[in-house]
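Work through the exercises below with the sequence and the 3D view open. Each task is followed by a solution in steps.

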Amino acid sequence: MSKIGTLYGLGVGPGDPELITVKAFRLLQQSPVIAYPKKRMGSKSYAHQIAELYVQQSEKEMLGLVFPMTRDKEILEREWNKTVEIVWERLSAGKDVAFVTEGDPMFYSTFIHMMRVMHDEHPEVPVVTVPGVSSFLGAASRFNLPLADGDEQIGIIPATEDREAMRKALENHDTVVFLKVAKVLPMMIGLLQEMGLADKAAVATKVTSSEEMVWTDMRELERAELGYLTLMVVKKG
């Protein structure tokens, strides 16, 4: 049996193609198979777009993987097992597979579940992850906003409809990054106004990419409809 290939989880940053590490670039060059999350509607993710810039596609297998967008556990398990088996076919043939993901592979990433299911089904597969620049770090640079200094505490919180939980996050940290905030934006703006923090917040969508949009005035956002890749940074100090 041929040597089993290595599964690489490569963080390629939040959108700006130049925010890829030298190590991720090298492994993209070396790996014969580049796997990426494939959108059903045909548009390309940032991870896919960035990977294409750095490889000769004619020399690689570009492996688009569709991930189920559902909470149904049976469907999730079935579809994830299918996806992992597709990747395992390449690994078992001795080919390294570089799975590219936006941001960092260990931070709210599709790769986390890929790694877990692969370990459960094929524990012999070597897995290597390469850190990447996360969106909240891209936003901090975009705003020239220090996220934490000295003894300051920072919270990184998925935004939800639980208003009291969001309030406690703001009360308990000097800086809070709310991820995926678009779906609860009106509630969050109302909470900030109630707490006297509206002028301490900044919002970015698709940060560092060519489609980036940023707001520092929350009044401009009260009727805005923003996309999935939107975050809010609130720094009280």
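## Exercise 1: a histidine in a helix

Histidine 48 has a relative accessible area of 8% and is therefore buried; buried means under 20% relative accessible area, exposed over 50%, and partly exposed in between, with a 1.4 Å probe and protein chains only. The model is a predicted one, in which local features need pLDDT of at least 70 and side-chain atom pairs count only at pLDDT 80 or more, while totals for chains, interfaces and linings use all residues. Residues are numbered from 1 along each chain as its sequence is written, and side-chain values use heavy atoms, with hydrogens and water left out.

Task: In which helix does histidine 48 lie, and which residues does histidine 48 touch, not counting those up to four places away in sequence?

Solution.
- Step 1. Histidine 48 belongs to helix 2, residues 46-54. Helices (H or I, at least four residues) and strands (E, at least two) are DSSP runs, numbered from the N terminus.
- Step 2. With residues up to four places away in sequence left out, histidine 48 touches Tyr36 and Met62. Contact means heavy atoms within 4.5 Å.

## Exercise 2: helix 4 and its cover

Task: Compare the span of helix 4 with the expected one, then find which residues of helix 4 are buried and what covers them.

Solution.
- Step 1. Helix 4 runs over residues 110-121, twelve residues, and reaches 17 Å from its first C-alpha to its last. This is close to the 16 Å expected at 1.5 Å a residue, where the expected span is 1.5 Å times one less than the number of residues.
- Step 2. At the start of helix 4, the backbone nitrogen of phenylalanine 111 has a side-chain oxygen of serine 109 within 2.9 Å.
- Step 3. Phe111, Ile112, Met114, Val117 and Met118 are the buried residues of helix 4.
- Step 4. Their cover includes strand 1 (7-11), strand 3 (61-65), helix 3 (73-92), strand 4 (97-101) and strand 5 (127-130).

## Exercise 3: helix 3 against helix 4

Task: How are helix 3 and helix 4 oriented to each other, and which residues make the contact?

Solution.
- Step 1. The two axes, of helix 3 and helix 4, come within 10 Å and cross at roughly 75°. Axes are lines fitted to C-alpha atoms, for helices over the stretch in contact, and angles run from 0 to 180 degrees between N-to-C directions.
- Step 2. Helix 3 and helix 4 are therefore roughly perpendicular; angles under 35 degrees count as roughly parallel, over 145 as roughly antiparallel, 65 to 115 as roughly perpendicular and the rest as oblique.
- Step 3. Helix 3 contributes Trp80, Asn81, Thr83, Val84, Glu85, Val87, Trp88 and Leu91 to the contact, and helix 4 contributes Thr110, His113, Met114, Val117, Met118 and Glu121.
- Step 4. Threonine 83, in helix 3, counts as buried because its relative accessibility is 5%. Its contacts, not counting residues up to four places away in sequence, are Leu65, Val66, Phe67 and Met114.
- Step 5. From threonine 83 to methionine 118 is 35 residues in sequence and 9.7 Å in space, C-alpha to C-alpha.

## Exercise 4: the largest nonpolar core

Task: How many residues has the largest nonpolar core, and which element gives the largest share of this core?

Solution.
- Step 1. The largest nonpolar core has 24 residues. A nonpolar core is a set of buried Ala, Val, Leu, Ile, Met, Phe, Trp, Tyr and Cys residues joined through side-chain atoms within 4.5 Å. Those with the most contacts inside this one are Leu170, Phe178, Val181, Met188, Leu221, Met232 and Val234.
- Step 2. Two or more residues each come from helix 6 (163-172), strand 7 (175-179), helix 7 (185-195), strand 8 (201-205) and strand 10 (230-235).
- Step 3. Helix 7 gives the largest share, six residues.
- Step 4. A second, separate core has 19 residues, including Leu7, Ala35, Phe67 and Val125.

## Exercise 5: positive phi

Task: Where do lysine 180 and lysine 206 lie, and are they buried or partly exposed?

Solution.
- Step 1. Most residues other than glycine have a negative phi.
- Step 2. Phi of lysine 180 is positive, near 50°. Lysine 180 sits in the loop between strand 7 and helix 7 and is partly exposed, at 33% relative accessible area.
- Step 3. Lysine 206 also has a positive phi, about 50°. Lysine 206 sits in the loop between strand 8 and strand 9 (213-215) and counts as partly exposed at 29%.

Notes
A polar contact is a pair of N or O atoms within 3.5 Å; within protein, one must be able to donate a hydrogen and the other to accept it, and residues adjacent in sequence count only if both atoms are side-chain atoms.
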